[in-house]
Amino acid sequence: MPLIVYSSMHLYNNLGEKSDFYYGNIGLLFYLFTSTFIFLIYRLYVVLDIDDKIGDVMTIINITLQYIKFGFFFYQWKLIYFNKNELN
């Protein structure tokens with residue numbers, strides 16, 4: 001929860017400015033919000049005992065979200081690394 005709050009505050013404070021870690025922050029927020037939502041839905045299905053195969057689907061969705069998050073992180077790294085090399 002503190003990561004979500006801090007990341008949201010950082011994103012809000014840097015709306016009008018150029019942020020160094022914009023895409024990394026977006027990736028982290030995206031993953032944390034969706035992952036929290038997925039696990040809450042999964043817990044609801046477990047408590048209500050609706051379907052046994054929902055866990056497999058939720059796991060696949062969570063792994064896909066991890067890859068999307070790492071895609072944002074990689075893009076942010078690429079922007080920082082290649083801009084750093086152009087300045088030297």
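Reply: A pocket here is an open set of grid points with protein on both sides within 12 Å along at least five of seven lines, and a residue counts as lining if it has an atom within 4 Å of a point. The model is a predicted one.

On those terms, the largest pocket holds about 210 Å³ of space. Its lining is made up of Lys18, Ser19, Asp20, Phe21, Tyr22, Tyr23, Gln76, Leu79, Ile80 and Asn83. Helix 2 and helix 3 are the elements that give two or more residues to this lining. The largest share, four residues, comes from helix 3.

Helix 2 covers residues 22–48. With 27 residues at 1.5 Å each, helix 2 should span 39 Å, and because its end C-alpha atoms are 39 Å apart, the two values agree. The buried residues of helix 2 are Gly24, Asn25, Gly27, Leu29, Tyr31, Leu32, Ser35 and Ile38. One of these, Tyr31, has Lys69 over the face of its ring, at 4.5 Å from the ring centre. After helix 2 comes Asp49, with a positive phi near 55 degrees.

Helix 3 runs over residues 54–87 and includes both Trp77 and Tyr81, which are four residues apart, about one turn of the helix. Aromatic pairs number six in the structure. Trp77 and Tyr81 form a stacked pair, with 5.4 Å from centre to centre and 10 degrees between the planes. Trp77 counts as partly exposed because its relative accessibility is 44%; the class runs between the 20% limit for buried and the 50% limit for exposed. Tyr81, at 37% relative accessibility, is therefore also partly exposed. Tyr81 forms an edge-to-face pair with Phe82, at 5.3 Å centre to centre and with 70 degrees between the planes. Phe82 has a relative accessible area of 42%, so this residue too is partly exposed. Phe74, Trp77, Tyr81 and Phe82 together make one aromatic cluster.

To return to the pocket: its lining includes Gln76, Leu79, Ile80 and Asn83, while the aromatic cluster consists of Phe74, Trp77, Tyr81 and Phe82.

Methods: Residues are numbered from 1 along each chain as its sequence is written. This is a predicted model: local features need pLDDT of at least 70, side-chain atom pairs count only at pLDDT 80 or more; totals for chains, interfaces and linings use all residues. Side-chain values use heavy atoms; hydrogens and water are left out. The expected span of a helix is 1.5 Å times one less than its number of residues. Buried means under 20% relative accessible area, exposed over 50%, partly exposed in between (1.4 Å probe, protein chains only). Rings of Phe, Tyr and Trp (its six-membered ring) pair if their centres lie within 6.5 Å; planes under 30 degrees apart count as stacked, over 60 as edge-to-face and the rest as tilted. A charge sits over a ring if NZ of Lys or CZ of Arg is within 6 Å of the ring centre and within 35 degrees of the ring normal. On a 1 Å grid over the protein atoms alone, a cavity is a set of points where a 1.4 Å probe fits but cannot get out, and a pocket is an open set with protein on both sides within 12 Å along at least five of seven lines; lining residues have an atom within 4 Å of a point. Grid points are joined across faces, edges and corners, and a volume is the space filled by probe spheres set on the points.
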